[in-house]
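Welcome! Have a look, and then let us talk it through.

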Amino acid sequence: RAYSTSVMERVASLPGVESVGAINLMPGRLNNWSFPTHAEGYAVPAGAPTPVANFRAVRSGYFETTGIPILAGRGIADADRADAEPVVVVNATFAERFWPSEDPLGRTLSIFSASGTRHRVVGLVADTRQHGPRLATQPEMYFSDMQIPWDQLSMWVVARMGTDDPLGAAPTVQEAVWDIDPDVPISGTYRLADVLNETTATTRLLTWL
């Protein structure tokens with residue numbers, strides 16, 4: 001966590017960087033984590049399995065950097081650390097699934113077990129299509145990675161650049177990361193638009209054919 005903080009601070013200080021955030025699973029990469037979810041006030045129908053929702057771990061600034069609208073409340077903040085109240089942000093599909101026509105702010109939920117740590121909903125954000133535009137949106141929960149009891153999460157650092165050629169700044173960003181630790185590999189640097197375009201690559205190829 002300290003390393004991720006150092007990377008984000010270093011990248012945020014670079015010329016041309018307007019905002020920085022981080023997430024464990026980038027939208028459009030088609031991979032996913034989903035866990036059994038116990039939402040306050042939601043009764044599981046008799047004989048039905050415990051519902052699941054997509055899990056995301058994020059850092060402060062993620063929603064602002066990626067342009068995901070915050071519909072109510074707030075996003076994850078720097079103050080949402082391990083010693084603070086456990087909080088969570090949910091997407092619109094989650095709210096409609098578990099609390100239809102109700103205000104989700106102030107509600108609580110836990111993952112895995114009903115007796116697990118309760119996280120209070122502090123924000124509602126718009127849906128994102130994690131698995132591409134052809135599939136329906138899924139309920140998603142965004143936790144502060146500082147409040148998740150797993151310390152081995154890989155994080156994607158996302159930076160909004162004030163330029164039409166964000167990849168032109170990639171070498172500078174890479175050098176900033178390696179200034180902190182030259183032995184840490186960088187798996188790749190991408191434009192988010194290109195990542196999202198990959199989700200329609202097969203459809204576009206078939207259409208062209």
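The questions and answers below go from the whole chain to single residues of this predicted model.

Q: How do you know that the radius of gyration agrees with that of a compact globule?
A: With 209 residues, a compact globule would come out near 17 Å, and the protein has 18 Å, so the two agree. Along the principal axes, the C-alpha atoms fill a box of roughly 55 × 55 × 30 Å.

Q: What makes up the fold, in terms of helices and strands?
A: There are six helices and nine strands in the protein. Among the contacts with a separation of 6 or more, 74% join residues 24 or more positions apart.

Q: What share of the residues is buried?
A: Buried residues make up 38% of the 209; to be counted, a residue needs a relative accessible area under 20%. As for the surface, the protein exposes about 11200 Å², and carbon and sulfur atoms supply 53% of that.

Q: What makes a group of residues a nonpolar core?
A: Its members must be buried, belong to a set of nonpolar residue types, and be joined through side-chain atoms within 4.5 Å. The largest such core here has 31 residues, and Phe55, Phe94, Trp99, Leu109, Met141 and Phe143 touch the most other members. A second, separate core has 13 residues, including Val58, Tyr62, Phe63 and Tyr142. In soluble globular proteins, nonpolar side chains tend to be buried together.

Q: Which residues does phenylalanine 55 touch, leaving aside those up to four places away in sequence?
A: Its partners are Asn24, Leu25, Trp33, Ser34, Phe35, Ile111, Met141, Phe143, Ile148 and Trp150.

Q: Why is serine 101 called exposed?
A: The label needs a relative accessible area over 50%. Serine 101 has 77%, so it is exposed. You will find serine 101 in the loop between helix 3 (92-98) and strand 6 (108-111).

Q: Is asparagine 31 buried, exposed or partly exposed, and how do you know?
A: Its relative accessible area is 36%, so asparagine 31 counts as partly exposed. Asparagine 31 belongs to the loop between strand 1 (17-23) and strand 2 (34-39). Beyond its sequence neighbours up to four places away, asparagine 31 touches Leu25, Met26, Gln130 and His131. Aspartate 83 is 52 residues from asparagine 31 along the chain, and their C-alpha atoms are separated by 30 Å.

Q: What makes valine 44 partly exposed?
A: Valine 44 has 37% relative accessibility, so it counts as partly exposed. Its place is the loop between strand 2 and strand 3 (52-58). Valine 44 touches Pro49 and Pro51, not counting residues up to four places away in sequence. Phenylalanine 98 is 54 residues away along the chain, with 9.9 Å between the C-alpha atoms of the pair.

Methods. Residues numbered from 1 in each chain as written. Predicted model: local features only at pLDDT ≥ 70, side-chain atom pairs only at ≥ 80, totals over all residues. Heavy atoms only, no water. Helix = DSSP H or I, 4+ residues; strand = E, 2+ residues; numbered from the N terminus. Rg over C-alpha atoms; globule rule 2.2 N^0.38 Å. Buried < 20%, exposed > 50% of the residue type's maximum accessible area, 1.4 Å probe, protein only. Contact = heavy atoms within 4.5 Å. Areas by Shrake-Rupley, 256 points an atom, 1.4 Å probe, with all protein chains shown as cover.
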